[in-house]
Amino acid sequence: MKQYTSTHPPRDRKAYKKAYDQAHRAENAAYRISKGEELKAKKRAYYAANRERILANVKKRSDANPDKILDYQAAYYEKNSEKVKRTVKAYRKANPLKKMHLENKRRARKFNNGGSHTLDELIEKFNQLGNVCFYCGNPGKMTIDHDIPLSRGGTDGIDNILPACSRCNSKKKDKTADEYIQKLSRTNHAAIGGVGWKPQQKYEGR
Ligand SMILES: [Zn+2]
């Protein structure tokens, strides 16, 4: 084979390889089975050493054939829809912050106010603030709140990010954290997170 490939043009080589593989199918299969682990390890090592190049090639191919990729994805989904749904659901459950972080990033990009934060920075900030709603102390599912709202020019930098429950986040709307806290105190909603919860205290300790 080596001798053949060195003396024949690529197009012939391809046909030759196909014919050769077909003629030696059983042999090849037996070889793959007997050397299974060894071949897998080789493949893994090759991938690790050439990761960037392989991914660039995959991207090049998929960019060149967008329709083909969509068809392939649609066919795969049709065949495996239950499996895909289960995987997506499990992923979202395991990574709720990650999903939210991505959605927030997309939204912030539209406003184009500058600033950005990593998922790690977000997790650290939420941990620092006790993983409770900044405004009412609710320890449930957190959402990403912008102290100065994006709609009012606030950045997506970590300094402008606070954890908020979805209730407070949607009530806060276009208010800044200060404005919303003032409203909470006026309307006596400050205790909704539990007895004695004072968002201002938390706020000052920020
Ligand atoms: Zn809240």
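1. Two residues are in contact if their C-beta atoms, placed from the backbone, lie within 7 Å. Take Cys165 with that in mind. Leaving out residues up to four places away in sequence, Cys165 touches Cys133, Cys136, Asn138, Gly140, Met142 and Thr143. The model is a predicted one.

2. Overall make-up. The chain has ten helices and two strands. Along the sequence, the pattern reads α-α-α-α-α-α-α-β-β-α-α-α. The chain has 206 residues, and 18% of them are buried. Take the contacts with a separation of 6 or more: 56% of them join residues 24 or more positions apart.

3. Confidence. The mean pLDDT of the chain is 84. A score of at least 70 is reached by 85% of the residues. Strand β1 has the highest confidence, at 95. Helix α10, residues 199-204, has the lowest, at a mean of 47.

4. Residues 189-197 have a pLDDT below 50. In the model, this stretch makes 15 contacts beyond near neighbours in sequence. Residues 199-206 also have a pLDDT below 50. Here there are ten contacts beyond near neighbours in sequence. Where pLDDT is low, the predicted coordinates should not be read in detail.

5. Back to Cys165. Where does Cys165 lie? Cys165 is part of strand β2, which covers residues 161-165. Is Cys165 buried or exposed? Cys165 has 23 other C-beta atoms within 10 Å, so it counts as buried; the cut-off for that is 20 or more. Cys136 is one of its contacts. In sequence, Cys165 and Cys136 are 29 residues apart. In space, their C-alpha atoms are 8.0 Å apart.

6. The core. How many residues does the largest nonpolar core have? The count is 17. Cys133, Tyr135, Ala164, Cys165 and Cys168 have the most contacts inside this core. Strand β1 (142-146), strand β2 and helix α9 (177-186) each supply at least two of its residues.

7. Cys168. This residue is also on the list of those with the most contacts inside the core. Which residues is Cys168 in contact with, leaving aside its neighbours within four places in sequence? They are Cys133, Tyr135 and Cys136. Cys133 and Cys136 also touch Cys165.

8. A helix pair. Helix α6 spans residues 96-111, and helix α7 spans residues 119-128. Two packed helices are described by the angle between their axes and the distance between the axes. The axes of α6 and α7 come within 10 Å. They cross at roughly 115 degrees. The crossing is right-handed.

9. What meets at that crossing. From α6 come Leu97, Lys98 and His101. From α7 come Leu119, Leu122 and Ile123. By class, this contact has four nonpolar residues, one polar and one charged.

10. Asn131. The loop between α7 and β1 holds Asn131. Its phi is positive, about 55 degrees, although Asn131 is not a glycine. Asn131 has 12 other C-beta atoms within 10 Å, so it is exposed. The cut-off for exposed is 12 or fewer.

11. Lys173. The loop between α8 (166-172) and α9 holds Lys173. Lys173 is not a glycine, yet its phi is positive, about 45 degrees. Is Lys173 buried or exposed? Lys173 is exposed, because 10 other C-beta atoms lie within 10 Å.

Technical notes
Residues are numbered from 1 along each chain as its sequence is written. This is a predicted model: local features need pLDDT of at least 70, side-chain atom pairs count only at pLDDT 80 or more; totals for chains, interfaces and linings use all residues. Helices (H or I, at least four residues) and strands (E, at least two) are DSSP runs, numbered from the N terminus. A nonpolar core is a set of buried Ala, Val, Leu, Ile, Met, Phe, Trp, Tyr and Cys residues joined through C-beta atoms within 7 Å. Axes are lines fitted to C-alpha atoms, for helices over the stretch in contact, and angles run from 0 to 180 degrees between N-to-C directions. A crossing is left-handed if the near helix is turned anticlockwise from the far one by less than a right angle, and right-handed if clockwise. Ala, Val, Leu, Ile, Met, Phe, Trp, Tyr, Cys and Pro count as nonpolar, Asp, Glu, Lys and Arg as charged, and the others, Gly among them, as polar. pLDDT is the predictor's confidence in each residue, from 0 to 100.
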